[in-house]
Amino acid sequence: MSTTDTDTTPETVLYASPAAASGPKWVETPVAYDGILLAGFGGPEGQDDVIPFLRNVTRGRGIPDERLEEVAHHYRHFDGISPINAQNRALKAALEAEIERRGLGLPVYWGNRNWGPYLEEAVTEAAGAGHTTLLAIATSAYSSFSSCRQYREDYARVLESTGLGETVTVDKVRQFFDHPGFVDTFVRGVKDAVSGFVAEGIAPEKIRVLFSTHSIPMADAERSGPRDGGFGEGGAYEAQHKAVAEVVMAEVADAVATVEWELVYQSRSGPPTQPWLEPDVNDVIAELPGRGVEAVAIVPLGFVSDHMEVLWDLDTEAMEAAEEAGIKAVRTPTPGVDPAYVSGLIDLVEERLNGTPKAERPHVTDLGPWYDVCRPGCCENIRAGFKPVAAGIRP
């Protein structure tokens, strides 16, 4: 490996396996992991859970319960139950089945950032069973503070708070935004949506595809990915989404028709004075009739399952916006527990078990394969500052 691909200082990476401790971009040395750590966001599972859950999500920001209740109505609408925990239980079971099918013999421990079961419980359970060399899979495909670095902060925080930092190591699989197993669901979904519209007699030039993802503050977007990435003001976060969308639409053009598309954002939660990524999905939908558009496919490109941001922001609000605009609309599927997606996640596990060389790792965009070990300052949160992280070079 070239000197540009590694930091040669020993133990540059906190809580890492020996193969990752010196900070290589891609770990091409086999590691004998003995457990998988599935890391989720978490969600309430009843009306009484909603406000405590939202307090956890917003901890440290001093947001009063009155303001939290303004967000809580999304969950109240669904009896206070977020589908995300059930979806992660299903994903855990699917991963375990695929691991068994391949004969890998690895247990899967699942823990959340914001609601039970918490990551502390998962790591403690793993250590208690003698599984101390863990490989983490976060339920997020892209690079940003909230979708990558914050999970790495969680791993470090948990190892410190449980006192297991001397005995347990936590590496992570690479960001999988452009792994074919993740992208495949979106390709099939958009093909089906566009071909369905065409079959109804709608001309391709009157169809739009809107790829939707979670909006984040511009300051976070600019700092997503490595500091020397050169991705522009939207950072790696925006660049990764656009690169995947281009791949999807190229396949749709080859199989069905050439259709215009746009990357849009949803689920903004910051104050109006703080710049966030735009445009908003509902604003764009409202403008489509003026552009001669008769049908829109809404693609939840930034999400791995049908959790609250999909059910409320897309299936409810975006669909209402389309109805008000008088245009046809469909929402395409998320990966969920699609066999291609589940198989792809275990492919990522096997990459690290086998030390697969970078050149042999599958990826569908020119941005990949992404790094195993995050680079210094990657996905900085300028509001909170740097905190200890696992699976990345300090800070």
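Trainee: What makes the space of about 80 Å³ a cavity?

Mentor: In this predicted model, about 80 Å³ of space lies in the largest cavity. The word cavity is used because a 1.4 Å probe fits there but cannot get out. The structure holds one cavity of 30 Å³ or more.

Trainee: Which residues are the closest to the centre of the largest cavity?

Mentor: Those are Ala138, Tyr155, Lys172, Val173 and Gln175, out of 14 residues that line the largest cavity. A residue counts as lining if it has an atom within 4 Å of a cavity point.

Trainee: Which elements supply at least two residues of that lining?

Mentor: Strand 3 (133-138) and helix 5 (145-161) each do. Helix 5 gives the largest share, five residues.

Trainee: How do the residues of the lining divide by class?

Mentor: There are eight nonpolar, three polar and three charged residues in the lining of the largest cavity.

Trainee: Which residues of helix 3 and helix 11 meet?

Mentor: From helix 3 come Leu91, Ala94, Leu95, Glu98, Ile99 and Arg102, and they meet Tyr341, Val342, Ser343, Leu345, Ile346, Asp347 and Glu350 in helix 11. By class, the residues of this contact are eight nonpolar, one polar and four charged.

Trainee: What makes helix 4 and helix 5 oblique to each other?

Mentor: The axes of helix 4 (residues 119-128) and helix 5 are 10 Å apart, and the packing angle is about 60 degrees. Since 65 to 115 degrees is the range for roughly perpendicular, helix 4 and helix 5 are therefore oblique to each other. Helix 4 passes helix 5 in a right-handed crossing. Leu119, Glu120 and Val123 of helix 4 make the contact with Asp154, Arg157, Val158, Leu159 and Ser161 of helix 5. These residues divide into four nonpolar, one polar and three charged.

Trainee: Why are helix 2 and helix 10 called roughly perpendicular?

Mentor: Helix 2 (65-76) and helix 10 (residues 308-325) have axes that come within 10 Å and cross at roughly 95 degrees. That value falls in the range of 65 to 115 degrees, so helix 2 and helix 10 are roughly perpendicular to each other. In this contact, His73, His74 and Tyr75 in helix 2 meet Met308, Trp312 and Asp313 in helix 10. The classes are three nonpolar, two polar and one charged.

Trainee: Now the backbone. Where are the cis peptide bonds of Pro279 and Pro369?

Mentor: One joins Glu278 and Pro279, with omega about 10 degrees. Pro279 lies in the loop between strand 6 (260-266) and helix 9 (281-287). Another runs from Gly368 to Pro369, with omega near -5 degrees. Pro369 is in the segment after helix 11.

Trainee: What is the phi of Asp79?

Mentor: Asp79 has a positive phi, about 60 degrees, although it is not a glycine. You will find Asp79 in the loop between helix 2 and helix 3.

Methods: Residues numbered from 1 in each chain as written. Predicted model: local features only at pLDDT ≥ 70, side-chain atom pairs only at ≥ 80, totals over all residues. Heavy atoms only, no water. 1 Å grid on protein atoms, 1.4 Å probe; cavity = no way out; pocket = protein on both sides within 12 Å on 5 of 7 lines; lining within 4 Å. Points joined across faces, edges and corners; volume = space filled by probe spheres on them. Helix = DSSP H or I, 4+ residues; strand = E, 2+ residues; numbered from the N terminus. Nonpolar A, V, L, I, M, F, W, Y, C, P; charged D, E, K, R; others polar. Contact = heavy atoms within 4.5 Å. Axes fitted to C-alpha atoms, helices over the stretch in contact; angles between N-to-C directions. Parallel < 35°, antiparallel > 145°, perpendicular 65-115°, else oblique. Left-handed = near helix turned anticlockwise from the far one by under 90°.
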